[in-house]
Structures are given as C-alpha cells and as structure tokens.
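Visitor: Hello! Could you walk me through this structure, one question at a time?

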Amino acid sequence: MHRFLVGAIAALVLFSAPATAEGTIDDDTFFIDHPLYLLFTQSAAGMRYDGETLIMEGMAPATLFFADRPDRLTGHLSNADFVDLWTRSSQSYAADPPNAALTLLEEADKPPVVIELKDVSLEGDALHYKVRVLDGELPAESGPVSLFIDPWVWVPRGDAEFRPPGWLRCHWNHWGMRVCHSNW
C-alpha cells in the first residue's frame, strides 16, 4: 500500500501543470511576461536578384522559427503569416528592417551574403524582398538558398494576461516544458 501511495503522489507531481501567480496553466493557455525573440529561417529552390529585389522562388510552404534561452521555442508558420508579421506591431520589421544572411547552397565555399530586408511580399510560392546588400555579392540568380533572418520581437502589452501572437500556440507538456507550434 505504501508503494502505491508513493507512486500515486509521484504521478500527480509529475503530470500536474506548473503553477503561476494566478493559478494553474492548462494545456490551452500560455503566459509570457518578457519579450519573445523569434529568429526565422526560410528555404527556396532558387533565387533571382535584379539589383533591388531578391525573389526567392519555389519557397518551402512554411517559415521555420526558433527562440533561444530561456524559451527554447521552435515551430513553423505559413509564409503568408510571416509576411503579416512585417507590419503587425510597433516592434515590426517595417519599423526596424532586419538583417539577414543568404546562403547560396550551390556555392558552399563562399560566405553568406549579408543583406537588409526592407520590405516583403508573397506571390504564389515566391517571396519578394526589397533588399540592400551589406556584405558580399548577390548573383543575378542561383539555385537552392537558405535565408536566416534577425529576430522579430514580441513584447507583452502589460495587461493581466501575456499571450503570444495569435498564430503561436503554446502549452505545457506533462513534464512542465513549454511546447509551441503555429496554427499552420
């Protein structure tokens, strides 16, 4: 009987949700009380550049995001949702254009090209970026590419509940770890 009670108590502790000042967080609620810095990675089958616009063609259907410590979040969102982030808040990319590193996968011996992304639009499976080259040379065209983009910052509003952006769904798993993914 003693082993059963110890096992039952251990199971309750292990599988209970973490507590907050307001109480227990359930699987559909996630509170953040600090800025969330999300970095993005995009992949495409090829690219073209006309001296002003970078066109990433044959885009993967989703943009990967991740956050470093303390959040350690990862997931993906649709490219359309990524484009919507551009003007979503006062901390948006439109207000403070991000830098990015473009890796030309067919030219692995060359360093990534560092660019500033000034604007973005989505047309079919192609992302169109207005860019300024900061370091390196962008060729007129290339095969497969990956783009690594500076963080987008979500800052809590300061109201009672600090919820992440609507497309980011987070919950606590049974081990007390935050797990996030997009609605995509």
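Visitor: Which residue's side chain is joined to that of Thr-63 by a polar contact of 3.2 Å?
Guide: Happy to start there! This is a predicted model, where local features need pLDDT of at least 70 and side-chain atom pairs count only at pLDDT 80 or more, while totals for chains, interfaces and linings use all residues. Residues are numbered from 1 along each chain as its sequence is written, and side-chain values use heavy atoms, with hydrogens and water left out. A polar contact is a pair of N or O atoms within 3.5 Å; within protein, one must be able to donate a hydrogen and the other to accept it, and residues adjacent in sequence count only if both atoms are side-chain atoms. The partner of Thr-63 at 3.2 Å is Gln-42.

Visitor: Is Thr-63 buried or exposed?
Guide: Thr-63 sits in strand β5, residues 62-66; strands (E, at least two residues) and helices (H or I, at least four) are DSSP runs, numbered from the N terminus. Buried means under 20% relative accessible area, exposed over 50%, and partly exposed in between, using a 1.4 Å probe and protein chains only. Thr-63 has 0% relative accessibility, so the residue counts as buried.

Visitor: Which residue has a side chain 2.7 Å from that of Thr-63 in a polar contact?
Guide: Contact means heavy atoms within 4.5 Å. Leaving out residues up to four places away in sequence, Thr-63 touches several others, including Phe-40, Leu-77 and Phe-82. The polar contact of 2.7 Å joins the side chain of Thr-63 to that of Asn-79.

Visitor: What is the relative accessibility of Asn-79?
Guide: Asn-79 belongs to helix α2, residues 79-85. Beyond its neighbours within four places in sequence, Asn-79 is in contact with residues including Met-59, Pro-61 and Leu-122. Asn-79 counts as buried because its relative accessibility is 7%.

Visitor: How many aromatic pairs does the whole structure have?
Guide: Rings of Phe, Tyr and Trp (its six-membered ring) pair if their centres lie within 6.5 Å; planes under 30 degrees apart count as stacked, over 60 as edge-to-face and the rest as tilted. Ring pairs link Phe-40, Phe-82, Trp-86, Tyr-93 and Tyr-129 into a cluster. A search of the whole structure gives a total of 5.

Visitor: How many residues apart in sequence are the parts tied together by Trp-86 and Tyr-129?
Guide: These two rings form a tilted pair, 6.2 Å centre to centre with 55 degrees between the planes. Trp-86 lies in the loop between α2 and β7 (99-104), and Tyr-129 in strand β9 (residues 126-135), so their pair ties together parts separated in sequence by 43 residues.

Visitor: Is Glu-116 buried or exposed?
Guide: Glu-116 forms a salt bridge with Arg-132, with the closest N and O atoms 3.1 Å apart. This pair links strand β8 (residues 113-123) to strand β9, 16 residues apart. Arg-132 is partly exposed, at 42%. Glu-116 has 15% relative accessibility, so this residue counts as buried.

Visitor: Which residue in the turn between β8 and β9 has a positive phi?
Guide: Two strands pair if DSSP finds at least two bridges between them. β8 and β9 pair in the antiparallel sense over 9 bridges, one of which joins Ser-121 to His-128. The two strands form a hairpin with 2 residues between them, and the one with a positive phi, about 65 degrees, is Gly-124.

Conventions
A salt bridge is a side-chain nitrogen of Lys or Arg within 4 Å of a carboxyl oxygen of Asp or Glu.
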